[in-house]
Amino acid sequence: MSQGHRSGLNAVSSALLAMSRQLEVRDVLKTIVASARELLDAEYAALGVPDDHGGFAQFVVDGVSEEQWRAIGPLPRQHGILAAMLHKAEPERLADVRKDPRFEGWPPAHPDMSDFLGLPIRYGDETLGALFLANKNCPKPDGGCGFTAEDEELLSILAQHAAIALTNARLYERSRELTIAEERSRLAHELHDAVSQKLFSLRLTAQAAATLVDRDPSRAKGELQQVATLAAEAADELRAAVVELRPAALDEDGLVATLRTHTQVLDRAHSAEVTFESCAVRALPAAQEEAMLRVAQEALHNALRHSGAEHVSVALVRRGAGAVLRVTDDGSGFDPRAIRRAGRHLGLVSMRDRAGGVGGQLTVESEPGKGTTIEMEVPGG
């Protein structure tokens, strides 16, 4: 076995291990694309999962920035070479995709591509998706394709195992959906019981206050204070239950897009300016993404409700194989030690629990009058 072939097989092995660590379909898709691009040293990689309406249910890319992707526009349709890869059983290697008669052009913001390697991802008779690579990073022979026959062989091996990983992830998600449905039903019963009792108490207490307001104002005031207490307890119970449900946006859009949308909504809803930025963040394991989202939500809630901040910034950046979330505000700040001594925690305990539960860590920096920074780091997959 040649040294180059052995090196290629080692790279395939590493890619397969990376795929096997993922359980979510979206994570598997991103891992496949990133692994294929790295394995064959291509500038661009993409994987399209077809829908039943002539488009793609999911289309994952690697090598294209978020700004470029937004500028390109809507997801592509099943046409030209994209469609051919969904219906062919064998790989396709082209010296210049632009010269192929099936090429139908691309949007103005689309990166320029030349040499091309694509193949379907199949499991039995079902085509799960199509994997594409473009612009191999190597000297191009005149009129030749940068991708080699060995590249084609390695990608075929990767695609076979990708089909297994993707099928397993789908089965896992279907199983989880059933579990979530059962959990939602259980929560609905619990919420009905708990909140109904609280609302019943609220109604009786409010009625008592209305009766007493003329003849015993002091007692009426006490009843109204009880109304406020019961309302707060009901809100806390609702919030605690809802927080345990994984948001659908994470599965559909990923952490970066979900955080961006969340901060945009908060920016419109509050007088404080709320901003978001991200840099080179790859997909994380689902549990880590959910924990990061929950910590961001809790930190934003504290900043916007309690700190009096004029500016709140959220940043998500890559660090090694993992990522760091940072929520910073210019509000009133606080003394973390005094908060602990007073038995209050502003959600810090739950945030630390969430970070620790996914192998991460949480740090809090704050001083009275100097704002607050909450930082959460996770290790990645």
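Mentor: Begin where a helix ends. Glycine 308 follows α8, and its phi is positive, near 70°. Keep in mind that this is a predicted model.

Trainee: How many residues does α8 have, and what does it span?

Mentor: Helix α8 covers residues 286-306, which gives 21 residues. From first C-alpha to last it reaches 30 Å, close to the 30 Å expected at 1.5 Å a residue.

Trainee: Is α8 mostly covered or mostly uncovered?

Mentor: Mostly covered. Of its 21 residues, 16 are buried. The cut-off for buried is under 20% relative accessible area.

Trainee: Next, helix pairs. What describes the packing of two helices?

Mentor: Two packed helices are described by the angle between their axes and the distance between the axes. Now the case here. The partner is α10, residues 348-357. Its axis and that of α8 come within 9 Å and cross at roughly 165°.

Trainee: What does that angle say about direction?

Mentor: Angles over 145 degrees count as roughly antiparallel. So α8 and α10 run roughly antiparallel to each other. The crossing of α8 past α10 is left-handed.

Trainee: Which residues meet where α8 and α10 pack?

Mentor: From α8 come Ala291, Arg294, Val295, Glu298, Ala299 and Asn302. They meet Ser350, Met351 and Arg354 of α10.

Trainee: Which residues does histidine 270 contact, beyond its neighbours within four places in sequence?

Mentor: Locate it before listing partners. Histidine 270 is in the loop between α7 (248-269) and β6 (273-279). Its contacts beyond those neighbours are Leu304 and Arg305. Histidine 270 and leucine 304 are 34 residues apart in sequence, yet 7.5 Å apart in space, C-alpha to C-alpha. Histidine 270 has 22% relative accessibility, so it counts as partly exposed.

Trainee: Another helix, then. How many residues of α4 are buried?

Mentor: Seven of its eight, so α4 (residues 80-87) is mostly covered. The buried ones are Gly80, Ile81, Leu82, Ala83, Ala84, Met85 and Leu86.

Trainee: Which strands do the buried residues of α4 pack against?

Mentor: They pack against β1 (42-50), β2 (56-62), β3 (92-94), β4 (116-123) and β5.

Trainee: Finally, the whole protein. What should I note?

Mentor: Start with the element count. The protein has 10 helices and 10 strands. Then burial: of 381 residues, 41% count as buried. Then contacts: among those with a separation of 6 or more, 63% join residues 24 or more positions apart. Last, surface. The accessible surface comes to about 20,300 Å², and 52% of it belongs to carbon and sulfur atoms.

Note on methods:
Residues are numbered from 1 along each chain as its sequence is written. This is a predicted model: local features need pLDDT of at least 70, side-chain atom pairs count only at pLDDT 80 or more; totals for chains, interfaces and linings use all residues. Side-chain values use heavy atoms; hydrogens and water are left out. Helices (H or I, at least four residues) and strands (E, at least two) are DSSP runs, numbered from the N terminus. Buried means under 20% relative accessible area, exposed over 50%, partly exposed in between (1.4 Å probe, protein chains only). Contact means heavy atoms within 4.5 Å. Accessible areas come from the Shrake-Rupley method with a 1.4 Å probe; for residues, only the protein chains shown count as cover. The expected span of a helix is 1.5 Å times one less than its number of residues. Axes are lines fitted to C-alpha atoms, for helices over the stretch in contact, and angles run from 0 to 180 degrees between N-to-C directions. Angles under 35 degrees count as roughly parallel, over 145 as roughly antiparallel, 65 to 115 as roughly perpendicular and the rest as oblique. A crossing is left-handed if the near helix is turned anticlockwise from the far one by less than a right angle, and right-handed if clockwise.
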